[in-house]
Amino acid sequence: MKYFFETYGCQMNIAESAALENYLIDTGWTKAESEKDTDLLVINTCSVRITAEERIEGRLGNLKTVKQSHPMTIVVTGCMAERLKGKLKERFPQVDYIMGNFQKKYFPDIVRACEKGLKIESINEDEAYNFSDFSWTPGTFSSYLPIMHGCNNFCSYCIVPYVRGREISRKPEEILEEIRLLEGKKVKEVTLLGQNVNSYNYGGLDFPGLLKLVIPELKGIKWLRFLSSHPKDVSPELIELLGQEEVLCRHLHLPVQHGSNRILAAMNRKYTREQYIALVNRIREACPDISLSTDILIGFPGETESDLEETLSLMETVKFEYAYMYHYNPREGTKAFELPNRIPEPEKIRRLDKVIKLQHKITGEVLKNRLYREVPVLVESVSRDNPRELLGRTGRDSRVVFKGPKDLIGDFVNVRLEEIKGFTYRGTLMEN
């Protein structure tokens with residue numbers, strides 16, 4: 001029998017889809033070419049922004065016609081499934097199962113029913129999140145590894161705590177076992193995942209303590225990354241490790257969200273702009289060659305032009321290598337949904353455009369400062385624009401295109417950064 005996955009949203013969704021796919025492969029299923037050639041279609045959904053949900057709703061609507069011409073079992077899982085549950089099934093009766101974030105352990109029951117041509121009437125729901133044993137995508141040399149789940153921060157604009165639940169940390173022995181499994185698959189790079197990864201705490205073992213357990217286990221795995229970090233939870237011990245351990249990539253994604261203290265307080269971010277900038281300075285003192293990326297949310301209710309200027313000022317001060325920039329989306333159920341003084345949509349777009357233009361300028365400046373250096377690169381794929389070129393990524397999370405043979409994909413090579421095209425380096429492959 002055949003399966004097909006469509007995954008929307010964050011890296012955690014990618015990892016969770018991979019875990020479900022591993023189960024299907026282990027039980028003899030094969031991957032279909034498309035949804036028109038499958039027995040089981042799994043759609044892993046995102047709820048972070050309303051635009052993501054609207055896109056998924058459009059997709060589910062289209063599947064009604066597809067299913068009429070090609071019968072299949074459709075499973076909708078992930079955060080949108082967790083948020084809407086039965087309401088989603090009522091709107092889209094072509095969906096066979098709604099499987100929330102706390103129901104994935106029952107996926108094998110759905111699969112067995114599908115194999116027998118049967119239908120399960122209801123799926124149980126657990127109180128606690130269940131971590132999968134293995135989140136490696138078959139055939140890949142880079143893997144995500146979930147170490148914690150959920151969020152306790154309740155930022156006023158964010159739906160995540162309501163669809164992912166409270167923070168729960170994975171047993172360290174399970175994490176170490178998955179690391180050993182990845183070593184056996186000849187994985188070269190691992191990214192530790194959590195909604196708030198550096199608030200990991202299992203029986204008193206914190207995130208730096210976990211890293212000290214994981215790093216000695218890394219043999220063939222040469223690069224270790226982690227996502228995502230809340231600024232309030234970056235400890236002095238973590239900063240020290242970033243400066244000392246070569247296996248930790250010199251890149252940190254550190255979402256700031258805004259540059260105005262008034263808006264940061266309204267967002268419930270639990271730090272000020274001054275504290276954030278001081279943290280950045282401590283990180284760069286310990287690790288001068290680190291690159292920083294961030295998230296920036298513009299158009300929060302009550303935001304003024306002065307608040308916007310403070311954000312632009314912070315961007316100029318910190319000089320992020322890149323940023324995920326978006327405007328405020330009201331999410332029903334969050335505290336910000338009830339706030340007055342919403343910014344009109346055209347004004348949000350105008351302000352966001354200003355932020356994007358400044359970040360593009362800063363990105364160009366940061367990339368230019370590292371030209372003509374020779375750097376290690378993990379080769380990821382053939383370039384989309386030229387089949388005779390390869391695409392790779394540096395430890396600082398910069399993209400690099402260069403000429404080289406396809407058999408280098410999955411290997412580390414040294415590349416000299418020669419020029420910049422858009423926000424991607426073009427380089428020359430060097431002797432290793």
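In which hand does H1 pass H5? H1 passes H5 in a right-handed crossing, where right-handed is used if the near helix is turned clockwise from the far one by less than a right angle, and left-handed if anticlockwise. This is a predicted model, in which local features need pLDDT of at least 70 and side-chain atom pairs count only at pLDDT 80 or more, while totals for chains, interfaces and linings use all residues. Residues are numbered from 1 along each chain as its sequence is written, and side-chain values use heavy atoms, with hydrogens and water left out.

The elements named here are DSSP runs numbered from the N terminus, helices being H or I runs of at least four residues and strands being E runs of at least two. Strands of a sheet pair through backbone hydrogen bonds, in either the parallel or the antiparallel sense, and two strands are taken to pair if DSSP finds at least two bridges between them.

Strand E1 (residues 2-7) is joined by two bridges to strand E2 (residues 30-31), and the two run parallel, with Tyr3 standing opposite Lys31 in E2. E1 also pairs in the parallel sense with strand E3 (residues 40-45), over five bridges, and here the bridge partner of Phe5 is Val42 in E3. Together, E1, H1 and E2 make a right-handed β-α-β unit; a crossover is right-handed if, with the strands pointing away from the viewer, the path from the first strand over the helix to the second runs clockwise.

The axes of helix H1 (residues 11-26) and helix H5 (residues 107-116) come within 11 Å and cross at roughly 40°, which makes H1 oblique to H5. Axes are lines fitted to C-alpha atoms, for helices over the stretch in contact, and angles run from 0 to 180 degrees between N-to-C directions; angles under 35 degrees count as roughly parallel, over 145 as roughly antiparallel, 65 to 115 as roughly perpendicular and the rest as oblique. Leu20, Tyr23 and Leu24 in H1 meet Phe107, Pro108, Val111 and Arg112 in H5, contact meaning heavy atoms within 4.5 Å. By class, the residues of this contact of H1 with H5 are six nonpolar, no polar and one charged, where Ala, Val, Leu, Ile, Met, Phe, Trp, Tyr, Cys and Pro count as nonpolar, Asp, Glu, Lys and Arg as charged, and the others, Gly among them, as polar.

A cis peptide bond, with omega near -15°, runs from Leu227 to Ser228, and Ser228 is found in the loop between strand E12 (223-227) and helix H9 (236-244).

An open sheet is formed by three strands in the order E13-E14-E15, with parallel pairing. Its edge strands are E13 (251-253) and E15, each of which pairs on one side only, and neighbouring strands of the sheet are turned by 10° against each other on average, direction ignored. Three bridges join E13 to E14, and His251 stands opposite Ser291 in E14. Strand E14 (residues 291-298) pairs with strand E15 (residues 322-327) over six bridges. From E14 the chain crosses through helix H12 (residues 305-318) to E15 in a right-handed β-α-β crossover.

H12 also packs with helix H13 (residues 345-368) at an angle of about 15°, their axes being 10 Å apart, and that makes H12 roughly parallel to H13. The residues of the contact of H12 with H13 divide into six nonpolar, one polar and eight charged. In the loop between E15 and H13 lies Asn341, which has a positive phi of about 60° although it is not a glycine.

Finally, five strands close into a barrel in the order E16-E17-E18-E20-E19, with mixed pairing, and neighbouring strands of this sheet are turned by 55° against each other on average, direction ignored.
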